[in-house]
Protein chains: 2
Amino acid sequence: MEIKLITLNEVTSDLQSQLTELYKQLNADLTQLDIASALSDYNTTEAVICMDEGKLVGIAMMAKYKVVSGHKGMIEDVVVSSDYRGQGIGRKLMEKLLEQAESSKLDDVLLFSGHHRTAAISLYKSLGFKLKESGMYIKKY
Amino acid sequence: MEIKLITLNEVTSDLQSQLTELYKQLNADLTQLDIASALSDYNTTEAVICMDEGKLVGIAMMAKYKVVSGHKGMIEDVVVSSDYRGQGIGRKLMEKLLEQAESSKLDDVLLFSGHHRTAAISLYKSLGFKLKESGMYIKKY
């Protein structure tokens, strides 16, 4: 099993197909952007994947942005294949993103997680994340 | 009173000083990044300001990012000078950012707001934002 950052030139059509299938486990109704577009269009998104003998079994992304209140990272789209859960892969993916956050000298790393996702929330807390007393609001187009 | 997008070449030292003072109203303890850095480093942040006869009286920012789940905008650092509140300036700043979201063809616009900020939350809801059943988690460095 290997955890690694993925760069644009490593995105093959096979990997894209595997990604599409894996993200369906996160949300079957999601209209997905291509990973190549996410990685290249702004060049500010990091992606970490977990491969097991050529099979994609987990992924997590972090988009970096700068505003006056800081240089921040937003973690999104974290998913581990259902057959591979409970093996610490989510933690390893997150740890790799947090290494990137440190090397990019981010001030804050943010994420949002559904209140019912108790396993994920324990993981995030054990990595140093704290619940903010704020609501997350979304406007969809 | 004028509401306008601001670009990097319009950032003067006078505007930067006014911004620094205005953001202290949002959070006096905040270590602020320069507006020039926020606008230029990734080139994905939009800033809208409100000027009244040469005086900066409001600002709002939106950082755009792409991940597999969509092309998104995160609204941050919205502040209107205390003397100018209750005049609809916050709404005009937000409307300008949402025009940018539409022209950038964003899928989602996100923001987080403290549960106690009831006036801001009514404004966001009236602009089409909905509370997500998710907690916002933050890790600070």
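In the predicted model, strand E6 (residues 130-140) of chain A pairs with E5(B) in the antiparallel sense, over seven bridges. Within this pairing, Lys140(A) is placed opposite Asp108(B) of E5(B). A corresponding contact involves E5(A) and E6(B), which pair in the antiparallel sense over seven bridges. There, Gly114(A) has Ser134(B) in E6(B) as its bridge partner. E6(A) and E6(B) are themselves joined by five bridges and run antiparallel; one of the residues involved is Tyr137(A), whose bridge partner in E6(B) is Leu131(B). Strands of a sheet pair through backbone hydrogen bonds, in either a parallel or an antiparallel sense.

These pairings belong to an open sheet of 12 strands with mixed pairing. The order of the strands is E1(A)-E2(A)-E3(A)-E4(A)-E5(A)-E6(B)-E6(A)-E5(B)-E4(B)-E3(B)-E2(B)-E1(B). Strand E1 (2-5) of chain A and strand E1 (2-6) of chain B stand at the edges; each has a single partner strand, so one side of each is left without a neighbour in the sheet. On average, and with direction ignored, neighbouring strands of the sheet are turned by 25° against each other.

The individual chain was examined next. The secondary structure of chain A consists of four helices and six strands, and its elements follow the order β-α-α-β-β-β-α-β-α-β from the N terminus on. Within chain A, strand E4 (residues 70-80) and strand E5 (residues 108-114) pair in the parallel sense over three bridges, with Met74(A) opposite Leu110(A) in E5(A). Helix H3 (residues 89-103) of chain A lies across E1, strand E2 (45-52), strand E3 (55-67), E4 and E5 of that chain. The helix runs at about 30° to E3(A). The C-alpha trace of chain A spans about 40 × 35 × 30 Å along its principal axes. A compact globule of 141 residues would have a radius of gyration near 14 Å, and the 15 Å of chain A agrees with this.

The arrangement of the two chains is symmetric. Two copies of a chain are related by a rotation about an axis and a shift along it.

At the interface, 49 residues of chain B are in contact with 49 residues of chain A. On the side of chain B that touches chain A, at least two residues each are supplied by helix H2 (35-40), strand E3 (55-67), strand E4 (70-80), strand E5 (108-114) and strand E6 (130-140) of chain B. E6(B) provides the largest share of this side, with 11 residues. Classified by type, the side of chain B that touches chain A comprises 25 nonpolar, 13 polar and 11 charged residues.

Confidence values accompany the prediction. Chain A has an average pLDDT of 95, and 100% of the residues score at least 70. For the complex, the predictor gives an ipTM of 0.94 and a pTM of 0.95.

Note on methods
Residues numbered from 1 in each chain as written. Chains lettered and ligands numbered in written order. Predicted model: local features only at pLDDT ≥ 70, side-chain atom pairs only at ≥ 80, totals over all residues. Pairing = 2+ DSSP bridges. Axes fitted to C-alpha atoms, helices over the stretch in contact; angles between N-to-C directions. Contact = placed C-beta atoms within 7 Å. Nonpolar A, V, L, I, M, F, W, Y, C, P; charged D, E, K, R; others polar. pLDDT = per-residue confidence, 0-100. Rg over C-alpha atoms; globule rule 2.2 N^0.38 Å.
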